[in-house]
Amino acid sequence: MAFWLYKSEPAKWSWQMQKDAGKKGTEWTGVRNYLARNNMRAMQIGDKGFFYHSNEGLEIVGITEVCALSHPDSTAEGDARWDCVDIRAVMDMPRPVSLKEIKENPKLAKMALVTSMRLSVQPVTDDEWIEVCRMGGLDNPPR
């Protein structure tokens, strides 16, 4: 089991939209960065992730789960370089965790959200997962 973080601008794709997609989930499309694509290629069914509102909000608002392995991105217009996974909403964060709070927490100083701000799909370590979940009010984080 691995953990991830997905960044999305809420005006384009919000946490509510992700929840509205239901159990089937949705493709995480439009990623045009090789490192982010490679992160998706490494994902396994059941991997959990944080859903992060970028630009507006700047906070982790929900938890997702990979429900389909890496496959060609349907928005790539035949460009075989770009893949995506499908994710579904698992649950709301009881209390959203802001970027400011994450940056102020010494336990999260090496988190990709702090060190690689522009990366849209990023890994989260086990310890980071537990700490962010704790900050968001989840004492027993989903695994």
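What we are looking at is a predicted model, in which local features need pLDDT of at least 70 and side-chain atom pairs count only at pLDDT 80 or more, while totals for chains, interfaces and linings use all residues. Residues are numbered from 1 along each chain as its sequence is written, and side-chain values use heavy atoms, with hydrogens and water left out.

To stay with Met-40 for a moment, this residue is found in helix α2, residues 34–42, where helices (H or I, at least four residues) and strands (E, at least two) are DSSP runs numbered from the N terminus. Leaving aside neighbours within four places in sequence, Met-40 is in contact, meaning heavy atoms within 4.5 Å, with Trp-28, Val-31, Ser-70, Asp-83, Cys-84, Val-85 and Val-121. The C-alpha atoms of Met-40 and Pro-123 are separated by 9.6 Å, although the two residues are 83 apart along the chain.

Now to the interior. A nonpolar core here is a set of buried Ala, Val, Leu, Ile, Met, Phe, Trp, Tyr and Cys residues joined through side-chain atoms within 4.5 Å. The largest such core has 19 residues, and those with the most contacts inside it are Leu-5, Phe-50, Ile-60, Met-93, Met-111 and Val-132. At least two residues of this core come from each of β1 (3–8), β3 (48–53), β4 (59–72), β5 (83–98), α3 (99–104) and α5 (126–135), and the largest share, four residues, is supplied by α5. There is also a second, separate core of 16 residues, which includes Trp-4, Trp-15, Ala-36 and Val-66.

Which residues does Leu-5 contact, leaving aside its neighbours within four places in sequence? They are Phe-50, Tyr-52, Ile-60, Met-111, Leu-113, Ser-120, Val-121, Gln-122 and Val-124.

Turning to helix α5, its buried residues are Glu-128, Trp-129, Glu-131, Val-132, Cys-133 and Met-135, and these pack against β1, β3, β4, β5, α3 and β6 (121–124). Just after α5, Gly-137 takes a positive phi of about 90°.

Not counting residues up to four places away in sequence, Thr-64 touches Tyr-6, Trp-15, Asp-47, Lys-48, Gly-49, Phe-51, Ile-87, Arg-88, Ala-89 and Val-90.

On the cysteines, a search of the whole structure finds zero disulfides, a disulfide being a pair of cysteine sulfur atoms within 2.5 Å. Cys-67 counts as buried at 19% relative accessibility, and Cys-84 is buried at 0%.

Next, the loops. In the one between β3 and β4 we find Leu-58, whose phi is near 50°, a positive value in a residue other than glycine, and which is partly exposed with a relative accessible area of 35%. The loop between β4 and β5 holds Glu-77, which has a positive phi of about 50° although it is not a glycine, and which is exposed at 78% relative accessible area. Ala-80 is found in the loop between β4 and β5 as well, and counts as exposed at 70% relative accessibility. The C-alpha atoms of Ala-80 and Gln-122, which are 42 residues apart along the chain, are separated by 21 Å.

Finally, the pocket. On a 1 Å grid over the protein atoms alone, a pocket is an open set of points where a 1.4 Å probe fits, with protein on both sides within 12 Å along at least five of seven lines, and lining residues have an atom within 4 Å of a point. The largest pocket has a volume of about 480 Å³, a volume being the space filled by probe spheres set on the points. Of the 18 residues that line this pocket, the closest to its centre are Lys-7, Ser-8, Glu-9, Ser-54 and Ser-120. Strands β1 and β2 (26–27) each supply at least two residues of the lining.

Key: Buried < 20%, exposed > 50% of the residue type's maximum accessible area, 1.4 Å probe, protein only.
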